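Please keep the sequence and the structure at hand while reading.

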Amino acid sequence: MRSSDILIVDDEIGIRELLSEILQDEGYTVALAENAEVARQLRNQTRPALVLLDIWMPDCDGVTLLKEWAKSGQLNMPVVMMSGHASIDTAVEATRIGAFDFLEKPIALQKLLTTVQRAVKYGDMQVNTSLNLDKLGKSEPIQELKRQLERVAKVKSPVLLTGEPGSGFELVARFFHQGNTPWVTPAKPEQLADAPLELLQKANNGVLFLPEIGQYNRRIQQGLLFLLSKLDRFNVRLLCSCSRPLQELLVDPECDNRLLTALSSVIVPIPPLREHAEDIIFIAEQILTELVESKQVSAHKLTTAALNALRQYDWPGNLEQLRSIIKSLALTSESNDIDAPEVNKVLAQFRHEKPAAEETGFDFNMPLRELREQLERRYFEYHISLENGNMSRVAQKVGLERTHLYRKLKQLGIKFARKTAEE
């Protein structure tokens, strides 16, 4: 079964053949399953574009199979339930579990084609998002994040997403995006200063997402302030993200406090991965499944020991780091089963012993200027070591633009290799 297939699951051969013939005439490719067991086997092979799932089958009813897929993380494609004698309660339950829609038999031709078209389009949109919010887990911090997002969604004010680097800002921002409406992210931040109205026109009646506004220079900030005054005119929902602490921005002379004030009416903090560590195993399996199904890596499985090793790491790079490491493991593993030693070998490259407290003392008899330089020098050296010389990540961690970071390091006499900054 190819990933573009529609999977029809029905125990009646006449229904399977009729639906298959109709959909193939419309240009769709079709795979058939006469019961839940065959459907499971086909689903384990790849992600179909859509599943048409009969509720009443002899070996296992469709709602039970839907629950299985939801529990295992395989319900990442639209499923349309079918039945000739299902109650309203059954349809409601299926929708609650995650079914996209419900078709009552006998199915009218136009109703079938319209529903399939909508479902496939919705599925394509889901594929374009590497992870959706529902897959961040079921822990209390994530449930509270969802509740807060639901409250915020009811107001039209700009939203500022805050958190540590790698916290999945765009993933969370996608919560506010409605289907069939624009989603716009500037190719370069300078567009905010050079062509703000053009951005708003592209995002008309949709969402404008601005990542890492804490890195914007004064000129770009001025463009953003102008853009804020025109949001209502274009009916644009503005979403911004910032991984720099807001307290740090408030005292930064490069930051226009008027901008912070304008964006601070609705702030949504995203919890770091270590604060909902019980979700790490679930998220890791989802990431690997999606990498396999999108053909980015070959089929692999994380062993229980490997998942536990991932669970025990504190993930300073959060969701982005987790995704990067899982992809690296899948690309380099010689076996289909990724085990704990492979995980620990990769994670060992990121682990650094923190200096003991007695080793971090300073001589407070020094002049303030010299003490400050000593502190700054040790601070930047620590972060350069922590990030293995990757200056892009260092800049993110310390909250400076790369040009400002290089200038500061030169002032402090800290040597660094620029070539590693692009690795």
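Helices and strands are here DSSP runs, helices of at least four residues and strands of at least two, and they are numbered from the N terminus. In these terms, Pro106 is found in the loop between β5 and α5. The model is a predicted one. The points below begin with the whole chain and then turn to single residues and pairs.

**The chain as a whole**

- The chain has 20 helices and twelve strands.
- Taken along the principal axes, the box filled by the C-alpha atoms is roughly 90 × 55 × 35 Å.
- The chain counts 423 residues, and 46% of them are buried.
- Among contacts between residues at least 6 apart in sequence, 69% join residues at least 24 apart.
- The accessible surface comes to about 22000 Å², and 51% of this surface belongs to carbon and sulfur atoms.
- The chain carries 51 positive and 58 negative charges, and the mean positions of the two sets are 7 Å apart.

- Asp25 has 62% relative accessibility and counts as exposed, because the exposed class begins over 50%.
- Together with Glu17, Glu21 and Glu26, Asp25 forms a negative surface patch.
- Ser20 is also found in helix α1, but Ser20 counts as buried at 7% relative accessibility.
- Leaving out residues up to four places away in sequence, Ser20 touches Ile8, Val30 and Leu32.

- Side chains of opposite charge can pair when their charged atoms come close.
- Lys105 lies in the loop between β5 (101-104) and α5 (109-127), while Asp54 lies in strand β3 (residues 50-54), so the pair ties together parts that are 51 residues apart in sequence.
- Both partners count as buried: Lys105 has 17% relative accessibility, and Asp54 has 4%.
- Lys105 is also joined to Pro106 by a cis peptide bond, with omega near -10 degrees.

**Other salt bridges**

- The structure holds 18 salt bridges.
- Arg174 and Glu170 meet through their side chains in a salt bridge of 3.0 Å, N to O.
- Arg174 is partly exposed with a relative accessible area of 26%, and Glu170 counts as partly exposed at 37% relative accessibility.
- A further salt bridge, of 3.7 Å from N to O, links the side chains of Lys202 and Glu198.
- Lys202 and Glu198 both belong to helix α9 (residues 196-202), where they are four residues apart, about one turn of the helix.
- Lys202 is partly exposed, with a relative accessible area of 47%, and Glu198 is partly exposed, with a relative accessible area of 40%.
- Elsewhere, salt bridges that share partners join Glu140, Glu144, Arg147 and Arg151 into one network.

**Leu65 in helix α3**

- Leu65 is found in helix α3, which covers residues 62-72.
- With 0% relative accessibility, Leu65 counts as buried.
- Apart from neighbours within four places in sequence, Leu65 is in contact with Ala36, Ala39, Arg40, Leu53 and Cys60.
- Leu65 and Gly84 are 19 residues apart along the chain, and their C-alpha atoms are separated by 18 Å.

- Asn205 has a phi near 65 degrees, a positive value in a residue other than glycine.
- Asn205 lies in the loop between α9 and β8 (207-210) and counts as partly exposed at 44% relative accessibility.
- Glu212 likewise has a positive phi, near 50 degrees, and is a residue other than glycine.
- Glu212 has its place in the loop between β8 and α10 (218-228), and Glu212 is buried, with a relative accessible area of 16%.

Methods:
Residues numbered from 1 in each chain as written. Predicted model: local features only at pLDDT ≥ 70, side-chain atom pairs only at ≥ 80, totals over all residues. Heavy atoms only, no water. Patch = residues over 30% accessible without salt bridge, like charges linked within 9 Å, V, L, I, M, F, W, Y side chains within 5 Å. Areas by Shrake-Rupley, 256 points an atom, 1.4 Å probe, with all protein chains shown as cover. Salt bridge = Lys/Arg side-chain N within 4 Å of Asp/Glu carboxyl O. Lys, Arg positive; Asp, Glu negative; His and termini not counted. Charge placed at Lys NZ, Arg CZ, Asp CG, Glu CD. Buried < 20%, exposed > 50% of the residue type's maximum accessible area, 1.4 Å probe, protein only. Contact = heavy atoms within 4.5 Å.
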